[in-house]
Amino acid sequence: MASLLNSAFSLQLSSNYGAFNSQRNRRLAVNPSSTSVHIRRLVVRATETDTDKVGAKVPDKAPADKGSSFNQILGIKGAKQETVSLFMSYGFIEFDTEDKWKIRVQLMKPVTWPPLVWGVVCGAAASGNFHWTPEDVAKSVVCMLMSGPCLTGYTQTINDWYDREIDAINEPYRPIPSGAVSENEVITQIWVLLLAGLGLAGLLDVWVGLQKDGSLLANVVESFLIAFSIQAGHNTPVIFYLALGGSLLSYIYSAPPLKLKQNGWIGNFALGASYISLPWWAGQALFGTLTPDIIVLTLLYSIAGLGIAIVNDFKSVEGDRKMGLQSLPVAFGSETAKWICVGAIDITQISVAGYLLGSGKPLYALALLGLIAPQVFFQFKYFLKDPVKYDVKYQASAQPFLILGLLVTALATSSS
């Protein structure tokens, strides 16, 4: 809804991305004869959902003044929508946005970064070689920046870009379908985040390869050449390859023609592996060596990640069905999909606890089982009652116990 200042009438603008985007060119010529020399300013506010109203159709508008700036920064529902202003002067229309940086951060969805950051912690713990020295802490921080803000931000931005038509149905208040950010700005952000993430990955490979003797410049050059060589007998840039593989996975997850998310099973498992396995592998490769048993164990844990990914599918049922995406709530119905979701999360963790028990680590197995119990409690309290209305509350309540279970597993694998 837009209000035209200094006049007695209002102008209703469509939230459809295509219609809005056709007007988003920086300067659009209008008929000079119909334009006065006075500057007129109209304000467009993208609307948001009212999370208290749940129905077959996700609401497409709510009072803009109820939005939360905190939710906007995190990139979750209930976000405050930034003002998009149109200035008309001397035959031209110009668009401007207040606090554009908030919109850019919203696209990166910081609320999704902690699991990736935690995965790095788990990998470092599992390596058994992390020490609380300034260098090891600095390496960890760089790896977390690579996994969280850079590559997860890239993943979320590119996913929103390819989901702009679905979001126009499910969440029209999101930055792209609402027109709060332009096409060029989104594409630029995707490339900047991707290149930054790959650059940090390459830096970590070089850092790990630094030799203790010789000049610093010679060591950096030599380590860089070794790290990025694929010749026999040379080290390989494991972290760079993991970052590159994860970035490719993120792309084919969201983009046609593969668009893995079209299939609920494949897409959600790919998402789960990205959130659990890849950051763990990066953290462990940074301080130690990846072993086959760790790779298998983390991929098994990624089935729990599949369940977590399903949680986000319920709010998108209408748009997914219209766009032909076979998410599990669309394919099986919401009731069945709810139980598939909690089953994937709980059975996976119980299986890992059984693995730890069979490996002669009963205390770790018992600790993991203790962390599963509150997750089951919150599943019945929130998620199984209404996965749309209570999705944020459920994830905020239950997921901390799941990620603590990941650390328990990591510590168990590092102990002799």
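Residues are numbered from 1 along each chain as its sequence is written. In this predicted model, local features need pLDDT of at least 70 and side-chain atom pairs count only at pLDDT 80 or more, while totals for chains, interfaces and linings use all residues; side-chain values use heavy atoms, with hydrogens and water left out.

Helices here are DSSP runs of H or I with at least four residues, numbered from the N terminus. Asp-160 is buried, at 3% relative accessibility, and Lys-109 is buried too, at 16%. Buried means under 20% relative accessible area, exposed over 50%, and partly exposed in between (1.4 Å probe, protein chains only).

Another salt bridge pairs Lys-261 with Asp-163, whose closest N and O atoms are 2.5 Å apart. Lys-261 sits in the loop between α9 (238-254) and α10 and Asp-163 in the loop between α5 and α6 (164-170), so the pair ties together parts that are 98 residues apart in sequence. Lys-261 counts as buried at 15% relative accessibility, as does Asp-163 at 7%. Lys-315 and Glu-171 also meet in a salt bridge, at 3.9 Å from N to O. Shared partners join Lys-109, Asp-160 and Arg-174 into one network of salt bridges.

Attention now turns to helix α10 (residues 264-287), where Asn-268 is found. Asn-268 is buried, with 3% relative accessibility. Not counting residues up to four places away in sequence, Asn-268 touches several residues, including Asn-263, Gly-305, Ile-310 and Leu-328; a contact means heavy atoms within 4.5 Å.

Lys-389 lies in the loop between α15 (362-383) and α16 (391-414) and is partly exposed, at 35% relative accessibility. Together with Lys-381, Lys-385 and Lys-393, Lys-389 forms a positive patch. Patches are made of residues with over 30% relative accessible area and no salt bridge, like charges being joined within 9 Å.

Methods. Helix = DSSP H or I, 4+ residues; strand = E, 2+ residues; numbered from the N terminus. Patch = residues over 30% accessible without salt bridge, like charges linked within 9 Å, V, L, I, M, F, W, Y side chains within 5 Å. Areas by Shrake-Rupley, 256 points an atom, 1.4 Å probe, with all protein chains shown as cover. Salt bridge = Lys/Arg side-chain N within 4 Å of Asp/Glu carboxyl O. Lys, Arg positive; Asp, Glu negative; His and termini not counted. Charge placed at Lys NZ, Arg CZ, Asp CG, Glu CD.
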